[in-house]
Amino acid sequence: MELEYLNSSDSGRPQKMLPATVFWRISEDIPKPLTWALMALSVGVPFGVWWLVSNSGFVQPLFLPAPAQVWEALARLWQNGSLQTDTVFSLFRVLSGFLLAAAISIPLGILMGAFASIRSLTEPIIALVRYMPAPAFIPLLILYFGLGELPKILLIFIGTLFFNTLMIMDAVKFVPKDLIETTY
C-alpha cells in the first residue's frame, strides 16, 4: 500500500496519510465492479455463515436446517403444489388487510393532515395504539373471530392502519398552504 505525504503547517515535516478510497466517499457513486462485489458479499456471507453454523453441529437441524435441506423442502413443496397454494392465500390475506387499512387510513390521514381539529381529536389515541405490537391482538382476534381467515386479515389491518394514518397525516400536514390555496 502506498502512502501519500502531506506537508503539515504545524511541524513543517510531511505527515503520512492513507490515500482516499472510493469506499468511504460520502454521497458519491462507487465503481460498478465494487457495487457488484459488495452485493455478492451481502448475500454470500450470510449464506456462508448459515452453512457453517448449520453443518457445525452447534445447532440442531430442527432449529437451523442446512441450506441443502431447505432447498429440498422448497422443491418438494413446489412439486406437490402446496407452495403455490399457500403463497396465493398469503397474498390474499396481506392484500386484503392492507387494502382495508388503506380504505380507512388514507381519508383519515388526509383529514388529520388538513384539519388541526380532526388531528387534535384523533392523533392522541392513534399515536398511543400504534405502539402496541400487532401480535398482542392475536388472542383477542382468535377469541372474537375464531381461527378462520378473518382474524389473519384483521391482524394485517391492525398492523398497518395506525402507521399508514400517521404517515399520510404527516405528508398532508407539510404540503405548503400556497399549493392548497391554488386548488380552489
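Modeller: The side chain of Ser54 reaches the backbone oxygen of Trp51 at 3.2 Å. This is a predicted model, in which local features need pLDDT of at least 70, side-chain atom pairs count only at pLDDT 80 or more, and totals for chains, interfaces and linings use all residues. Residues are numbered from 1 along each chain as its sequence is written, and side-chain values use heavy atoms, with hydrogens and water left out.

Colleague: What lies 2.9 Å from a polar atom of the side chain of Ser54?

Modeller: The backbone oxygen of Trp50 lies at that distance, 2.9 Å. A polar contact is a pair of N or O atoms within 3.5 Å; within protein, one must be able to donate a hydrogen and the other to accept it, and residues adjacent in sequence count only if both atoms are side-chain atoms.

Colleague: Why is Ser54 called buried?

Modeller: Its relative accessible area is 9%. Buried means under 20%, exposed over 50%, and partly exposed in between (1.4 Å probe, protein chains only); Ser54 is therefore buried.

Colleague: Which residues does Ser54 touch, not counting those up to four places away in sequence?

Modeller: Ser54 touches Leu64, Pro65, Ala66 and Pro67, where contact means heavy atoms within 4.5 Å.

Colleague: What makes Thr165 count as buried?

Modeller: Thr165 has 0% relative accessibility, which is under the 20% limit, and so it is buried.
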